[in-house]
Amino acid sequence: MTLKPRTFAFLAVFIAVTFPLLYPLNISDRVSPEAVKFKALVDSISPGSVVMVSFDHEASTVAEVRPLATVLARHLFSRDIKIIGLSLFAEGTAIGNQVLSLVAEEFGKKYGEDWVFLGFRPQFQAAILGMGESIPNVFPRDYYGNVTDTLSLIKAVPNYSKVAMVVSVADGDLGYAWVDYAYTRYHARVAAMLTAVMVASYMPLYASGQLSGLVNGLKGAADYERLLDKPGAAIRSMDAQSMAHAVILLLILGGNAAYWWGRKK
């Protein structure tokens, strides 16, 4: 069997992607100022406070949003900050619950006291506005069917007045809705962790201070891991992405050189 040149190209890309995933290279050590500010924002929140994390994304972007949500949950739990999770996008529900469950288990956090996952609610405008008055009224039962009024964490946090910050982990426009309704109407502090493609459209909100913090895609998640000195999936994924880009560039240069050499002969 004769191997074609493109077989070697596919093999080179495969190795470039898989090797850093198994053996992290930590290629870049430059950290974005947005990630530095976001970490400082979380560090300014007192232990025992509550942060609401909304998983506002589709399953198709899980490779980018999952490292973002995971590094945030690890930072919050490491500082004994409690988490109320929810989703305003149906596909983000199971992913959000899985991320919080795994990280809570890693830090030995107790459900109902240290964290709660409320589940999904449609009609995001009504849900965000309604939680400004009463979280149990919008979510009478949590993801597991528990009556939320019976959970000690929800008893202590009736609405946004007891929430230190809302973080929307988003791949679309739902972060805007949190600013429009939670920040503008109830003065809740809102931040966003976004897929890279969405960051440019959120920059006016961030520059004007309506968004207190912003993390930029997989690169931002890798920066966050570096700041916490806890290398994880984001750094490995960024290494794989960088290596794949480098190999593709080399293949383009090699292909053009071979074509030029062939014409010369």
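Is the crossing of H3 and H4 left-handed or right-handed? I opened the predicted model to look this up. The crossing turns out to be right-handed.

**Entry 1: the helix pair.** I located helix H3 at residues 62–78 and helix H4 at residues 92–107. Their axes come within 9 Å and cross at roughly 35°. I then listed who meets whom. From H3 the contact takes Val62, Arg66, Ala69, Thr70, Ala73, Arg74, Phe77 and Ser78. From H4 the partners are Ile95, Gln98, Val99, Leu100, Leu102, Val103, Ala104, Glu106 and Phe107. Sorted by class, this contact has eleven nonpolar, three polar and three charged residues. I noted the spacing in the H3 list, with Val62, Arg66, Ala69 and Ala73 among its members. An α-helix has 3.6 residues a turn, so residues three or four places apart point the same way.

**Entry 2: the largest pocket.** I looked up its volume and found about 190 Å³ of space. Which residues line the largest pocket? I wrote down Thr70, Val71, Arg74, His75, Ser78, Glu106, Phe107, Glu225, Leu228, Lys230 and Pro231. H3, H4 and helix H10 (217–228) each supply at least two residues of this lining, and H3 gives the most, with five. By class the lining has four nonpolar, three polar and four charged residues.

**Entry 3: helix H5.** I turned to residues 124–133, which form helix H5. Here Ala127, Ile128, Gly130, Met131 and Gly132 are buried.

Key: Residues are numbered from 1 along each chain as its sequence is written. This is a predicted model: local features need pLDDT of at least 70, side-chain atom pairs count only at pLDDT 80 or more; totals for chains, interfaces and linings use all residues. Side-chain values use heavy atoms; hydrogens and water are left out. Axes are lines fitted to C-alpha atoms, for helices over the stretch in contact, and angles run from 0 to 180 degrees between N-to-C directions. Helices (H or I, at least four residues) and strands (E, at least two) are DSSP runs, numbered from the N terminus. A crossing is left-handed if the near helix is turned anticlockwise from the far one by less than a right angle, and right-handed if clockwise. Contact means heavy atoms within 4.5 Å. Ala, Val, Leu, Ile, Met, Phe, Trp, Tyr, Cys and Pro count as nonpolar, Asp, Glu, Lys and Arg as charged, and the others, Gly among them, as polar. On a 1 Å grid over the protein atoms alone, a cavity is a set of points where a 1.4 Å probe fits but cannot get out, and a pocket is an open set with protein on both sides within 12 Å along at least five of seven lines; lining residues have an atom within 4 Å of a point. Grid points are joined across faces, edges and corners, and a volume is the space filled by probe spheres set on the points. Buried means under 20% relative accessible area, exposed over 50%, partly exposed in between (1.4 Å probe, protein chains only).
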